[in-house]
Amino acid sequence: MACCRIEYKPAGDLLAGRIILVTGAGDGIGRSAALSYARHGATVILLGRTTAKLEKVYDEIEAAGGAQPAIFPLNFEGATFKDYQDMAVTLEETFGRLDGLLHNAGLLGRITPFEQYDPALWEQVMQVNVNGPIWMTQALLPLLRAAPDASVIFTTSSVGRKGRAYWGAYSVSKFATEGFVQVLADEVEHEGQVRINSLNPGATRTAMRKSAYPGEDPMTLRSADDIMPTYLWLMGPDSRGHNGETFDAQPPRTT
Ligand code: NDP
């Protein structure tokens, strides 16, 4: 696994003219990624389940002089395959192609002994973290292929590489994510046009991290903005040629 491009200095117009969809764009890392991609020239499609949060990000992008974004409200919990197909039709009609897709939305579920894990919650986590993003990707592949150099990023975690007690569905969902990236990347490799990789943000100061580690001092963590260099590198043309790999957005913590 490759570590990080935290020192990467992106060109100001790195993503100029690119159409990039970010899931979970209303909060945490997804919000930072959407703002950062827009600041570097992209037209960003903001997808999430809480429209009010997406509208705030929309306003921030407009206020900063970025290209006019789009809002796509969608809840991975209830979304069906038909919803993803309809979405692909709408994006096709509006944009004609997709240059980037950041699968960032995620659900922690509960950190609890497996024997006490609620099956309904397990399925909810798998739906939001794995099944939804996978079927969305299938529906969007023709649009990604219509772009000259498309980058698809799935979000993984350290517990998706080595299992950890009590992390249940979340850990399993991230293992599945890493596996799916390898499968699809291998399928598209010969086309040389769409690259699919996974990215582990590492410990980052967000609401999800707070709920996983309530006793931790958040100020000891990097912010979502701090890890954006790797998110920009992997989304933009400087990472061309990388496919089927897994990356870290920041060096692992030593404490
Ligand atoms: P947050 O909880 O801060 O943000 C998660 C985002 O996902 C929110 O915008 C949330 O929407 C959205 N989301 C959750 N459920 C759904 C759903 N059913 N449908 C649509 N959108 C949904 O998490 P982070 O920013 O910390 O995490 C982002 C990604 O990074 C996740 O995939 C996470 O697993 C991963 N990660 C995070 C780490 C960290 O330390 N923060 C470490 C390793 C991995 P809403 O705002 O409406 O709730």
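1. Which residues does Glu62 touch, not counting residues up to four places away in sequence? The partners are Gln68 and Pro69. Keep in mind that this is a predicted model.

2. Staying with Glu62: the residue sits in helix α2, which covers residues 51-63. Glu62 counts as partly exposed because its relative accessible area is 41%, between the 20% and 50% cut-offs. Ala38 is 24 residues away from Glu62 in sequence, and their C-alpha atoms are 9.3 Å apart in space.

3. Next, have a look at helix α3 (residues 81-95) and helix α4 (residues 119-145). Their axes come within 9 Å and cross at roughly 30 degrees, and the crossing is right-handed. On the α3 side the contact includes Phe81, Tyr84 and Leu91; on the α4 side, Trp135, Met136 and Leu143 are among the residues met. Taken together, the residues of this contact split into ten nonpolar, three polar and one charged.

4. Now the pockets. The largest has a volume of about 1200 Å³ and a lining of 49 residues, with Ile29, Tyr170, Thr206, Met208 and Arg209 nearest its centre. Helices α1, α2, α5 and α6 and strand β2 each give at least two residues to that lining, and α6 has the largest share, with four. By type, the lining holds 22 nonpolar, 17 polar and ten charged residues.

5. The second largest pocket comes in at about 150 Å³. Its lining includes Pro148, Asp149, Arg195, Arg240 and His242, and the breakdown there is three nonpolar, five polar and four charged.

Notes:
Residues are numbered from 1 along each chain as its sequence is written. This is a predicted model: local features need pLDDT of at least 70, side-chain atom pairs count only at pLDDT 80 or more; totals for chains, interfaces and linings use all residues. Side-chain values use heavy atoms; hydrogens and water are left out. Buried means under 20% relative accessible area, exposed over 50%, partly exposed in between (1.4 Å probe, protein chains only). Contact means heavy atoms within 4.5 Å. Axes are lines fitted to C-alpha atoms, for helices over the stretch in contact, and angles run from 0 to 180 degrees between N-to-C directions. A crossing is left-handed if the near helix is turned anticlockwise from the far one by less than a right angle, and right-handed if clockwise. Ala, Val, Leu, Ile, Met, Phe, Trp, Tyr, Cys and Pro count as nonpolar, Asp, Glu, Lys and Arg as charged, and the others, Gly among them, as polar. On a 1 Å grid over the protein atoms alone, a cavity is a set of points where a 1.4 Å probe fits but cannot get out, and a pocket is an open set with protein on both sides within 12 Å along at least five of seven lines; lining residues have an atom within 4 Å of a point. Grid points are joined across faces, edges and corners, and a volume is the space filled by probe spheres set on the points.
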